[in-house]
Amino acid sequence: MSTDILIAPSILSADFARLGEEVRAIDAAGCDWVHVDVMDGHFVPNITIGPGVVRAIRPHTKKPLDVHLMIAPADPYIEAFAVAGADRITVHAEAGPHLDRSLELIRSLGKKAGVSLTPQTPESAIQYVLDRSDLVLVMTVNPGFGGQAFIPAMVDKIRRVRTMIGDRPIHLEVDGGVAPDTAGSCTAAGANVLVAGSAVFKDGAYAANIAAIRAAARA
Ligand code: DX5
Ligand code: ZN
């Protein structure tokens with residue numbers, strides 16, 4: 001798999017009143033994927049968006065929609081997000097009793113399957129589902145909100161997950177508190193996809209912000 005760095009801005013930090021315009025702006029600013037944070041007020045203490053919003057933003061970019069489900073249960077909603085236009089769907093290892101089945105369901109719908117780990121979950125939780133996964137998402141904050149501080153202890157987890165992945169064609173994505181000052185430690189530990197909300201949407205300078213994260217990640 002290519003080791004080039006991919007930047008996935010989280011639209012959680014966008015202006016929701018102008019979401020289509022915001023998606024076009026990050027696309028034009030050079031993002032690689034568009035990260036969509038779905039929260040249910042149950043698995044995480046915040047509520048964001050549903051499949052209807054994914055459907056609404058779909059025509060605004062040809063880039064992959066990277067849908068991060070912070071919901072429990074996830075299985076009953078996976079097909080709705082697939083039909084709405086998600087390209088990649090990530091579920092949390094903690095969100096249900098049958099992670100293997102959730103990942104298989106995502107792939108059966110023709111989508112790329114991701115599995116995410118909250119900060120307290122050891123990487124061993126995904127040991128037996130790696131062959132069903134196209135992506136592993138290591139959370140570097142507690143899921144629920146943008147703008148939180150990066151948890152440095154997660155760098156060690158990123159490194160361990162990279163070792164577990166070995167030569168499988170699996171993306172290793174990091175999400176939470178990623179900015180130019182933290183991006184380099186993530187990619188040095190083996191991450192190749194960086195999600196960033198506040199650091200991309202800061203001051204409206206989307207292209208410069210994406211370029212700064214990319215430069216720091218490659219350094
Ligand atoms: C947190 C979300 C993240 C978050 C990232 O629950 O999964 O995608 O929006 O935001 P920043 O980059 O501001 O930490
Ligand atoms: Zn996310």
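Visitor: How are the donor residues of the zinc ion (ligand 2) spaced in sequence?

Guide: The pattern is H-x1-D-x30-H-x106-D. Keep in mind that this is a predicted model. The residues are His 35, Asp 37, His 68 and Asp 175.

Visitor: Which parts of the chain do Asp 37 and Asp 175 link?

Guide: Distant ones. Asp 37 sits in strand β2, residues 34-39. Asp 175 sits in strand β7, residues 171-175. They are 138 residues apart. Both aspartates are buried.

Visitor: Why is the site of the zinc ion (ligand 2) called octahedral?

Guide: Count the donors, then check the angles. The site has six donor atoms, with angles of 68 to 167° among them. For six donors, opposite ones must be over 155 degrees apart, and all others must lie between 65 and 115. The site is classed as octahedral. Ideal octahedral angles would be 90 or 180 degrees.

Visitor: Which residues come nearest to ligand 1?

Guide: Asp 37, Gly 144, Asp 175, Gly 197 and Ser 198, out of 20 residues around ligand 1.

Visitor: How much of ligand 1 does the protein bury?

Guide: The protein buries 99% of the 380 Å² that ligand 1 exposes when taken alone.

Visitor: Why is Gly 144 called buried?

Guide: Buried means under 20% relative accessible area. Gly 144 has 2%, so it is buried. It lies in the loop between β6 and α5.

Visitor: And Phe 145: why is it called partly exposed?

Guide: Partly exposed runs between the buried limit of 20% and the exposed limit of 50%. Phe 145 has 42% relative accessibility, so it falls in that range. Its place is the loop between β6 (135-139) and α5 (154-165). Phe 145 is 98 residues from Ile 47 in sequence, with 9.7 Å between their C-alpha atoms.

Visitor: What makes Asp 203 exposed?

Guide: Exposed means over 50%. Asp 203 reaches 73% relative accessibility, so it counts as exposed. Asp 203 lies in the loop between α7 (198-201) and α8 (206-218). It also has a positive phi of about 55°, although it is not a glycine.

Visitor: Why does Asn 192 count as buried?

Guide: Its relative accessibility is 4%. That is under 20%, so Asn 192 is buried. Asn 192 is found in the loop between α6 (180-188) and β8 (193-196). Its side chain makes a polar contact of 2.9 Å with the side chain of His 171. A polar side-chain atom of Asn 192 also lies 2.8 Å from the backbone nitrogen of Leu 172.

Visitor: How do you know that β2 is mostly covered?

Guide: Six of its six residues are buried. Val 34, Val 36 and Val 38 are on one side. His 35, Asp 37 and Met 39 are on the other.

Visitor: What makes β2 and β3 a pair?

Guide: Pairing needs at least two bridges. β2 and β3 (residues 65-70) have six, in the parallel sense, so they pair. Val 34 stands opposite Leu 65 in β3.

Visitor: Why is strand β5 described as largely enclosed?

Guide: Because five of its six residues are buried. Five bridges join β5 to strand β4, and the two run parallel. His 92 has Ser 116 in β5 as its bridge partner.

Methods
Residues are numbered from 1 along each chain as its sequence is written. Chains are lettered from A and ligands numbered from 1 in the order in which they are written. This is a predicted model: local features need pLDDT of at least 70, side-chain atom pairs count only at pLDDT 80 or more; totals for chains, interfaces and linings use all residues. Side-chain values use heavy atoms; hydrogens and water are left out. Donors are N, O and S atoms within 2.8 Å of the metal (3.2 Å for Na, K and Ca); water is not among the atoms, so sites may look incomplete. Four donors count as tetrahedral if all angles lie between 85 and 135 degrees; four count as square planar and six as octahedral if opposite donors are over 155 degrees apart and all others between 65 and 115; anything else is irregular. Helices (H or I, at least four residues) and strands (E, at least two) are DSSP runs, numbered from the N terminus. Buried means under 20% relative accessible area, exposed over 50%, partly exposed in between (1.4 Å probe, protein chains only). A residue is near a molecule or strand if one of its heavy atoms lies within 4 Å of it. Accessible areas come from the Shrake-Rupley method with a 1.4 Å probe; for residues, only the protein chains shown count as cover. A polar contact is a pair of N or O atoms within 3.5 Å; within protein, one must be able to donate a hydrogen and the other to accept it, and residues adjacent in sequence count only if both atoms are side-chain atoms.
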